[in-house]
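Hi,

Here is the structure I promised to pass on. Have a look at it first, then read my notes below.

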Amino acid sequence: MLPPTIGLRPYMYKKHTLPNGLRIVTAELPHTRSATVSIYVGAGSRYERDEEAGMSHFLEHMLFKGASRRPTAKEMSEAIESVGGMHNAATDREATVYYAKVPDSATAETIDILADMVRDPVMDPTELEKERYVILEELAGVEDSPAEMAGILIDEVLWPNQPLGRNVGGTPESVKSLPLATINEYFRAQYVPENMVLVVAGNVRHEEVVETAERWLGDMPPGKPGAWYPHVHRNGHPRIAVKEKPTEQAHLCIAYPSVSLDHPDRYAVDLLSTILGEGMSSRLFLELREERALVYDVHSYPSEFRDTGSFTIYAGCDPENARVTAELTLLEIEKLLRDLPDEELAKGKQMARGRIQLRMEDTRSVAGWLGAQELLLGKVQTVDEVVERIDAVTRDDVLRVGAELLRPENAVLAAVGPFEDSGVFEGLI
């Protein structure tokens, strides 16, 4: 029998808030031999003006270049890797996370390292100019990934001319022009205790984590972070975008506006995606790949943010089959909304439950579960609570939400491939 900690029942994670506003959340998982230490910060592309595009991501890179107690990138990485650990970071639209997974014996030192990064980075001008070129190479790599390009393009169509629709990494133009003074100003504004969550999951004790956090972050001065930019409705912008690229495969995305993180229909949307396009037994996979052999990869995914969301379908196919692939995708949506057997809904629920339960076997995933919810929602739902919400979704809920969200007039389309214009897709949506 698995330990009860796997389910993250209400009494198995603990929270403490320091006087300066820093939130500390822990999950004590004594059956593991590791610990994941993460620091979540309310900083991302939704906090940036157009001319600052990519600044949150740039700052994330800079924090790995050295801090007060380990002033070089080499010293910082060696401190983690010398004990067999691994560390990294990620920037998205609404959050930046710094994390390290280490043997549990290195937990206290790892809190020290990450605290130093987010509190007192070196921010050396020479290193900034070097890292500028590294980020430009990272952006150039996107040009060699047409599937990733399609994902960025569909967001631009869904949320035009606003931070939510921009590439999180920014543009080559914005990255080339970002000055150190602006990045430092942004760092001082966003990296304040009230806007941060320290999460530790693994073979740890909550009291010891709090004590260590108080030592390294307890006297960090409080401050009010800057606000994020709310989403703006499309208001008549073009619904189809095509980026011409001489690829062997066309990469298509069809997307719809969807619900926010805390919307009561969120779990109905998740189940709709599970049934339609997640996994090799989903409707889209069975029809477009197994039955018609049109695609190698087809899948759907929901994305939820603080005030909105999206429901996206991706397919990669021969350019000659691009229109029929899009047509059949739209047809499968129609078919699902006309008929959803109870047994198919039950299978989707079991799949969703199983994924969550498997996710909770890894300390890094547990830390991600806790940290993202605490930062973005100010509360944490346990696995059991989420499973209850999934189980409560009815067939009528899924059909109602699908009919509301997946209306033809709501759809937008993006394609990357050898297309001179959008003509091949005209009239589809």
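This is a predicted model: local features need pLDDT of at least 70, side-chain atom pairs count only at pLDDT 80 or more; totals for chains, interfaces and linings use all residues.

Helix α9 (residues 266–277) packs against helix α15 (residues 395–405) at an angle of about 85 degrees, and their axes are 9 Å apart. Angles of 65 to 115 degrees count as roughly perpendicular, so that is the word for how α9 and α15 sit relative to each other. On the α9 side, the residues involved are Ala268, Val269, Leu271 and Leu272. They meet Asp397, Val398, Val401, Gly402 and Leu405 of α15. Sorted by class, this contact has seven nonpolar residues, one polar and one charged.

**Ser45, in a loop**

Now go to Ser45, which you'll find in the loop between β3 (34–41) and α1 (55–62). Is Ser45 buried or exposed? Its relative accessibility is 1%, and buried means under 20%, so Ser45 counts as buried. What does Ser45 touch, if we skip residues up to four places away in sequence? The answer is Ser56, Asp92, Arg93, Pro163, Arg166 and Val168.

**His206, in a helix**

Last stop: His206, which belongs to helix α8 (residues 206–217). His206 has 8% relative accessibility, so this residue counts as buried too. Leaving out neighbours within four places in sequence, His206 is in contact with Lys14, Lys15, His16, Ile24, Thr26 and Glu28.

Cheers

Note on methods: Residues are numbered from 1 along each chain as its sequence is written. Side-chain values use heavy atoms; hydrogens and water are left out. Helices (H or I, at least four residues) and strands (E, at least two) are DSSP runs, numbered from the N terminus. Buried means under 20% relative accessible area, exposed over 50%, partly exposed in between (1.4 Å probe, protein chains only). Contact means heavy atoms within 4.5 Å. Axes are lines fitted to C-alpha atoms, for helices over the stretch in contact, and angles run from 0 to 180 degrees between N-to-C directions. Angles under 35 degrees count as roughly parallel, over 145 as roughly antiparallel, 65 to 115 as roughly perpendicular and the rest as oblique. Ala, Val, Leu, Ile, Met, Phe, Trp, Tyr, Cys and Pro count as nonpolar, Asp, Glu, Lys and Arg as charged, and the others, Gly among them, as polar.
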